[in-house]
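Dear colleague,

Please find below the structure that I am handing over to you. I would be grateful if you could look through it before reading my notes.

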Amino acid sequence: RGLLSFCSLSTVHVQLFLMKSALCLLCLFVVAPAAVHGFVVTPVCSRCTPPFFRLTAAFVDTNERASRDIGAMEEWATDCGVQRAPGFQLTTSQDGIDWSFVTTEPIAEDTTLLAVPGNMIFSSNQARQEFYSEAAEDLLDRLGTAGKIPQFYLFLNILTEYERGDESPWFPWLNSLPRWFNNGAAMTPYCYECLPPLSASLAMEKRVQYIHFKNALQQVNFISPGTKSNDNLTKWAYNVVITRSFETSDGDLRIVPLADMLNHGTETEVEFAYNDQGDCYVYTTREVPEGSPLRMSYGDPTNPSQLFATYGFLDETSPATFCKIMNIKPTPELRDLGLDFSRMLFYKDTGDASEEVWDVLLYQILESNRNVQKAFYDAHMTGDASTKNAIHQQYFEQTSRVLKNHVDTFLQQLDELSEKALAKDLNEHPRIPLILRHNDFVRETFLTVKDRIDPMVLESAGGDW
């Protein structure tokens, strides 16, 4: 049957077969292995991977409900030279949607768990060299998205490989990727109306960035019109990039197949490293017991709203969350005092407010007394803790009342947002359940803060509200 199939090919196909075969044989002699951390990583010729005799190509189904082929991806990774340490295993969530790594045996600190050849890795620097588009970059610059140009080139890279169908060397990996996302770009406009202001703003930023990418895509002539107009496909490619790419020390954004399945953790077990050939190594940063998750950091664990908007998950292990005070106009002095989403925090377990919350609120209160306000600011900048604490003590009743009023008002707003979310059809807005969980998580933190602040206000007022 193979001989008949071969003979039925045209002369051009036979010539193509002989040429590609010769190139693949050549690769056996010119590709040298690279050894780091005890692993030998052997790059694989990309021409050897995809079959090239077919009348039609298969394409990744980007429908949100499409299944993920993890088994074929793992076989592909092994064939491409990926190496895994014993005890490093993929596992799936109960719903079968999410996949992550766990240990099946104890693993020592500084153990290399995974080695991925550099020629399997997507790089924004390499993608820009290959797909450079001056028109697209100019448009992104005018739209205020110039800082996201590295992500845009990875976006082009994913779409280019998608268009190759199963002739792409990365087809098994693409077909293993999630289709369902819960981040800001995947939400409906109504979803934003059910979120607190900061979370809504961050989520909308992701949607706006996607729209900008799609507009810039129209400036690229090597992507087909069908792909450019396919919102389901382009949104999938965008979400793959923003949820699976991470920056290296030299500013390159990279997506590392298989390693991209590591989940986030407030407490992490692994980190990435690269050698001079661009191979990626995942190694443990501490001893890891059997049956433990293996996690990396996706970003600041005290800013769960950013993680929620970008990656679409609720990090309930986060120790703190932004205090949600949004109505303060930034000034250089306020920034010096700590006016920042990552510093003005409420702590989930204790109900404490960070020092920056108290400092910023007091500085605002002191607007009516500029001399004391300046003295407070100067004490902060010079490290005069005695003067700073004395002013805090003098104005504690006013500051604590302002904080209590903010907490009470925000809790009421959360209840209204959740009621609004419950009023909608989940078939039209399927991410509403996650939004409700997000709002409940924030509510629990604010209730803990309320339990802490209410007695303070009562005591400072001499027992009289």
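This is a predicted model: local features need pLDDT of at least 70, side-chain atom pairs count only at pLDDT 80 or more; totals for chains, interfaces and linings use all residues.

Residues are numbered from 1 along each chain as its sequence is written, and side-chain values use heavy atoms, without hydrogens and water.

The chain has 18 helices and 15 strands (DSSP runs, H or I of at least four residues and E of at least two, numbered from the N terminus). Of its 465 residues, 49% are buried (under 20% relative accessible area, 1.4 Å probe, protein chains only).

The largest nonpolar core contains 70 residues (buried Ala, Val, Leu, Ile, Met, Phe, Trp, Tyr and Cys joined through side-chain atoms within 4.5 Å). Helix α6 (residues 149-163) gives the most to this core, nine residues. Phe 152 is among the residues with the most contacts inside the core. Beyond its neighbours within four places in sequence, Phe 152 is in contact with residues including Ala 136, Phe 213 and Val 220 (heavy atoms within 4.5 Å). Apart from this core lies another, of 51 residues, among them Phe 308 and Val 457.

Helix α14 (residues 355-365) packs on helix α16 (residues 385-394) at about 70°, with axes 11 Å apart (lines fitted to C-alpha atoms over the stretch in contact, with angles from 0 to 180 degrees between N-to-C directions). The two helices, α14 and α16, are therefore roughly perpendicular (65 to 115 degrees). Trp 358 and Leu 362 of α14 and Ile 391 of α16 are among the residues making the contact.

With kind regards

Terms used
Buried means under 20% relative accessible area, exposed over 50%, partly exposed in between (1.4 Å probe, protein chains only). Angles under 35 degrees count as roughly parallel, over 145 as roughly antiparallel, 65 to 115 as roughly perpendicular and the rest as oblique.
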